[in-house]
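Subject: The structure we talked about

Hi,

Here is the structure for you to open alongside this note. Have a look around first, and then read on for what turned up.

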Amino acid sequence: MIDLHCHSRCSDGDLLPAELIDFAHNQGVTMIALTDHDTIAGLGQARAQAKKYNMTFINGVELSVQWRKHCLHILGLNIQQTDSLKGLLDRQREQRELRAKRICDNLLKAGISDLYNESKNIANGAIITRPHIAKALVAKGIVKDIAMAFKRFLTRGKAGYVSTEWCLLSNALKEIKKASGVAVLAHPLRYKLTMTKLKELIEVFKDAGGDALEVISGLSTQSEIEKLAVLCKKYDLLASKGSDFHSQAYQRSVMGKLPLLPDNCVGVWQHFNFDY
Ligand code: AMP
Ligand code: MN
Ligand code: MN
Ligand code: MN
């Protein structure tokens, strides 16, 4: 079983990188990529643990990028940990820090106590993400769960939403290529784009060096999988799959239980070279 998209406590997942690998192994995963949001901090620990199980480990990262007015997620798979990539990740981390402060300032103005320190404590050194702030809102008893925190405070148009200066799509793709990685457009159907806009995005993505679409993600339905398989074929792109696992409590899909790629798709893993 292959799973090329999951998160550890180095970003917004609940398990330590080594615990994530233990869990994946128990679920029958034999090839895994750790793809934390804008950080590669967990790769060393995860790789060492995967080695114990003879599991194929792929270095990964999930970059938040800007394309027009949209924030998109691009997976860099089989990347080398170059200084240039680390520079990009440092800038993303700074933006996430600034954003967390601005979100908490806005929540303060909306009458909620200052959650910045609480959120930082919850993140405990990890790169800060909205789920950490959502957990602080739950801990304060302001909302009953994380989903409600997003719904009431953290999504576009709500008091705690702020726009963020993510790196540009073209720049992210350039850095992934420079790091000898494969670039995957993560969960393409989650951006609420019309089919015309999505095709436009895929053309831009492909022209800028993009390699693959994530055809199977989390709880994809069969019709979503088929739709994305058609787009892979049309644009001559490879196909990826991953659970987008974050935690056992809130998992969107069961790790180790992803469907097979449609027959006409070429798996992105067929293009990994393992010379590092
Ligand atoms: P960030 O990258 O800091 O903006 O956080 C985005 C992350 O928040 C996503 O990767 C998801 O893990 C999580 N997320 C986004 N929307 C929701 C939601 N409605 N409910 C729960 N978690 C969410
Ligand atoms: Mn996440
Ligand atoms: Mn994502
Ligand atoms: Mn993800």
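Let me start with one of the metal sites. Along the sequence, the residues that donate to the manganese ion (ligand 3) follow the spacing E-x10-H-x113-H. Please keep in mind as you read that this is a predicted model.

The three donors behind that pattern are Glu62 through OE, His73 through ND1 and His187 through NE2, and they coordinate the manganese ion (ligand 3) at 2.1 to 2.2 Å. Glu62 belongs to strand 3 (residues 56-67) and His73 to strand 4 (residues 70-77), with the two residues eleven apart, and this pair links distant parts of the chain.

Now for the other metal. Which residues coordinate the manganese ion (ligand 2)? They are Asp12 (OD), His37 (NE2) and His246 (NE2), again with distances of 2.1 to 2.2 Å. Written along the chain, the donors of this manganese ion (ligand 2) are spaced D-x24-H-x208-H. Asp12 sits in the loop between strand 1 (2-3) and helix 1 (17-26), while His37 is in the loop between strand 2 (31-34) and helix 2 (43-52); the two are 25 residues apart and link distant parts of the chain.

A polar side-chain atom of Asp12 is 3.0 Å from an oxygen atom of ligand 1. For His37, the distance from a polar side-chain atom to an oxygen atom of ligand 1 is 2.9 Å, and an N or O atom in the side chain of His246 is likewise 2.9 Å from an oxygen atom of ligand 1. On its own, ligand 1 has 500 Å² of accessible area, and the protein covers 76% of that.

Where does ligand 1 sit? The space it takes is the largest pocket.

Best wishes

Definitions and conventions. Residues numbered from 1 in each chain as written. Chains lettered and ligands numbered in written order. Predicted model: local features only at pLDDT ≥ 70, side-chain atom pairs only at ≥ 80, totals over all residues. Heavy atoms only, no water. Polar contact = N/O pair within 3.5 Å; in protein donor to acceptor, adjacent residues only side chain to side chain. Areas by Shrake-Rupley, 256 points an atom, 1.4 Å probe, with all protein chains shown as cover. 1 Å grid on protein atoms, 1.4 Å probe; cavity = no way out; pocket = protein on both sides within 12 Å on 5 of 7 lines; lining within 4 Å. Sits in = over half its atoms within 2 Å of the grid points. Donors = N, O, S within 2.8 Å, 3.2 Å for Na, K, Ca; no water. Helix = DSSP H or I, 4+ residues; strand = E, 2+ residues; numbered from the N terminus.
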